[in-house]
Amino acid sequence: MFRRKPKLNKKQNRKIEDLRFQGNLNDDIKIIKELFGDSSDLVVRFIDNEKESSVAVLYLDSLIERESIEEYVISELNENYKQDQNLRELHFATIKKEATSSIKDSLTYLLQGYSLVLRENQTSGIALDTAGGERRQVSESEVETVVRGPRESFNESLQTNIGLVRRRLHTHKLKVHEMKIGELSQTPVAILGIDGVVKPEMYEEVKSRLEKIEIDGILDSLYLEEIIEDPNGYTPFPTIFNSERPDRIAAGLLEGRIAILLEGSPGTLLVPATIGLFLTSNEDYYQRYDFASFLKMLRGFAFFLSVVLPGFYVALLTYHQEMIPTPLLIALTGQREGVPFAIAIEVLFMEITFEILREAGLRLPKTIGAAVSIVGGLVLGQAAVEAGLVGQATVIAVSLTAICSFTTPSYNLAISARLLRFALITLSAVLGAFGLIFGLIFMYIHLTTLRSFGVPYLTPIVPFHKDNWGDLLIRTPWWAMRERPNEVAGENKDRMSDSRDNNHLNRRQKK
Amino acid sequence: MEGIRISSIQALMLAVASITVTGHLLFIPVIINHAGRDSWISLLFAIIPAVLIGFVIALLAQRYPEQSLIEYSQTILGKWIGKIVAIIFLFYFFHEASLSLRGFSEFYNSAITPRTPLMIYLVAMLILATYAIRNRLEILARTNQTFLILMIPIGILASFLTHKDKDYQNLLPILEDGFSPVVMGAFNITSLYSSFIVMAMVFPFVSNKKKLKRFSILTMLILIVMFLGPVSGVVTVFGEERAMGLYFPTFQTLRDIEIGALQRLDILGVLLWSLGSFSKIALFFYAIVLGLAQLFHLDDYKILTIPTAALLAIFSLITSDDLIGIYRFLMHIYPYFATLIALVIPLLLLLISQFKQLKRG
């Protein structure tokens, strides 16, 4: 009685795949109109009046560029077709022109902003590229900013984005493989790789993983990222890199990585990703190498601190007071005299407050954001100490951690540090230094097990590749960066010619 | 069973990390108790048996390149006797793992957090080891590789920083009590180094087996060097009598380091021994489960990890009442027990296989 009867949807039973144009203009239009339902943006433009016309243009008003329809399609029809109704060939001056006989294909074209020209007594329509619509301009990246170096960043249009990459790599070897993902969204996705530099099997692997996706819609690259990443089990670490800067993507392509771009999102994926990629800012390659190396080391250290510092603070003050120099210990205890909570509670309280503040700052309009920081900084920081809720040292530890976490160049990795911090605070509160070390060992084993498209996540640390250390904690000068990363790149590992012919290297070695 | 390969350097690092760190923690007091201020001479004496151990294990591994200790003891001795010998080896691994597990927990418990129950440390260590092993040998080797590279600078730094407390007069007079305590100490060191036999479970996965002999002997020499510093350091810093009375003399020397305002670097010791104990326990744990799986022809050892971990925890709790019991065992029984299983039996295996080969050829 309660069993649900399977619904029979008659409309869906009529298979769209089998429908074809019959040559009767009005009937064909009727079928398309029916399929779109009452969509008001489907426009049917007859050249003469509706009854007599033997040609019609169909388009979706929201997706086309009006000028090109007017100029290239309708005027062409008005001028040439009206004079000679029996004209066999119509010459449209649009960039792309496709013939289509199945209704399903025509729908796809219409939905991409093409306009469809149908004629009486003809069983195929002509799809013309008139796509348009409003797009954000290519502008400076707000997330990944640089002092020196290119400023362009991707926008939401796939073709523009591919163009931005192509404009940096003028080679026919840059392969672009396009496909559509999403049962309903039909999002165009492009896989980019440089032939002869990428591992061919990895390129195929990326392709096959993308082809296997079954989902109704893709709205951002994160959808793809979570679906195609290696089955590592649960991990808080990102195993696919993303960036919205074309120069970063081009650099990745030159190293033999593969980029995945998609329509509708500036976030572009780069695989395989290793830990070094996440700790590198694009500016490291645009500043002088000595300073860039310093910054890299500083950033690595800051990242480590941003994970470990609160836990270390808790362990030190809860279990290992003897390790703190005595004068400092006396000062610290003096500050905390009136504080009723355990250190761990204090730190957790401050950390969670900070996370809430940060989230509030993100979600609010920019103008109100400043108010949040005042409330957070002054009221909570200062007043909490004065009210005896937390010690001053705790505030220092937590804010130092926060500042350290801002230095992590990749937002993806910074947020995993945010999560891990809480785990380490808890472990340190329970087991002291051993808890902290336990957490770190566990994390390290976990990192060793991670793989990104088959490439070990921690390379070149383990498996050890000494040639690639020049791009991990330091950056060697450009004339010495002669090889592409092991494990990542394919057969061709040389970025420069052999060292004997390398003029810049030789010039330096002779001295 | 596993399609994985590790490099010979990774294997070397596994052996060095696992033998050194628990050795420093548990065996140095034992050696000092035997040989006193002449412990460093015992170490020099131990070079010969140490090299012999490395040589025997490597030779066996080269003779049966695709087989582990458990498998080739069955090939050499026949099915039934081989199985019995394999079980003896497995018991040895099991005992060794539980001993270092207990040793680490006791160290932590008595030196740093006296009121935390032992069980906490046992379980924490076993969680780490189980996690690493379930991800197979490759992961263990890679993790250990990084840890060892992290540990060596700390060790070297420690020996430099303790230098100002060292008084080399404490090493004199040399050989006051004659040779017998020194030989006893050397015997103890030999028993410690015998745990190199665990590498016989790892060698089948080493990619390049041609250099195994050289690498094994190199490992043993590195081990000797790594023990020279702490053994002499402890005596020179504390003097013979005080050093003999300490439970964890190496940790005590670390504790006395002062760098400016930083006075007690306990946390360095904690880091050092946590990392090292992890390596040792994980390696022996791996040997047990892999050996069990090979003995009973299981396809995968993963299913064995958690029950074995539980058994290890229980066994290391009941193995002794307290730390003194462990030390007494290590001093008076362990040398005979370990040397018999890990040096004499492999030597016999080698001889029998040689004899068989001669008979056949």
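Tutor: Let us begin with a definition: angles under 35 degrees count as roughly parallel, over 145 as roughly antiparallel, 65 to 115 as roughly perpendicular and the rest as oblique. Please keep in mind that this model is predicted.

Student: At what angle do helix 4 and helix 13 of chain B cross?

Tutor: The axes of helix 4 (residues 69–77) of chain B and helix 13 (residues 266–295) of chain B cross at roughly 40 degrees and come within 8 Å. Helix 4 of chain B and helix 13 of chain B are therefore classed as oblique to each other. On the side of helix 4 of chain B, the contact is made by Ile70(B), Glu71(B) and Gln74(B); helix 13 of chain B contributes Gly291(B), Gln294(B) and Leu295(B). By class, the contact of these two helices has two nonpolar, three polar and one charged residues.

Student: What is the order of the strands in the open sheet of chain A?

Tutor: The general idea is that strands of a sheet pair through backbone hydrogen bonds, either parallel or antiparallel. In chain A, an open sheet of five strands has the order 1-2-4-5-3, with antiparallel pairing. Its edge strands, each pairing on one side only, are strand 1 (42–46) and strand 3 (97–100) of chain A. From one strand to the next, the twist averages 25 degrees.

Student: Over how many bridges do strand 1 and strand 2 of chain A pair?

Tutor: Strand 1 of chain A pairs with strand 2 (residues 55–60) of chain A over five bridges, in the antiparallel sense. Leu42(A) stands opposite Leu60(A), which belongs to strand 2 of chain A. Helix 2 (residues 25–36) of chain A lies across strand 1, strand 2 and strand 4 (114–119) of chain A, and runs at about 165 degrees to strand 1 of chain A.

Student: What is the phi of Glu487(A)?

Tutor: Although Glu487(A) is not a glycine, its phi is positive, at about 70 degrees. Glu487(A) is placed in the loop between strand 12 and helix 17 of chain A.

Student: How many residues of each chain are in contact with the other?

Tutor: The contact involves 31 residues of chain B and 25 residues of chain A.

Definitions and conventions. Residues are numbered from 1 along each chain as its sequence is written. Chains are lettered from A and ligands numbered from 1 in the order in which they are written. This is a predicted model: local features need pLDDT of at least 70, side-chain atom pairs count only at pLDDT 80 or more; totals for chains, interfaces and linings use all residues. Side-chain values use heavy atoms; hydrogens and water are left out. Two strands pair if DSSP finds at least two bridges between them. Helices (H or I, at least four residues) and strands (E, at least two) are DSSP runs, numbered from the N terminus. Axes are lines fitted to C-alpha atoms, for helices over the stretch in contact, and angles run from 0 to 180 degrees between N-to-C directions. Contact means heavy atoms within 4.5 Å. Ala, Val, Leu, Ile, Met, Phe, Trp, Tyr, Cys and Pro count as nonpolar, Asp, Glu, Lys and Arg as charged, and the others, Gly among them, as polar.
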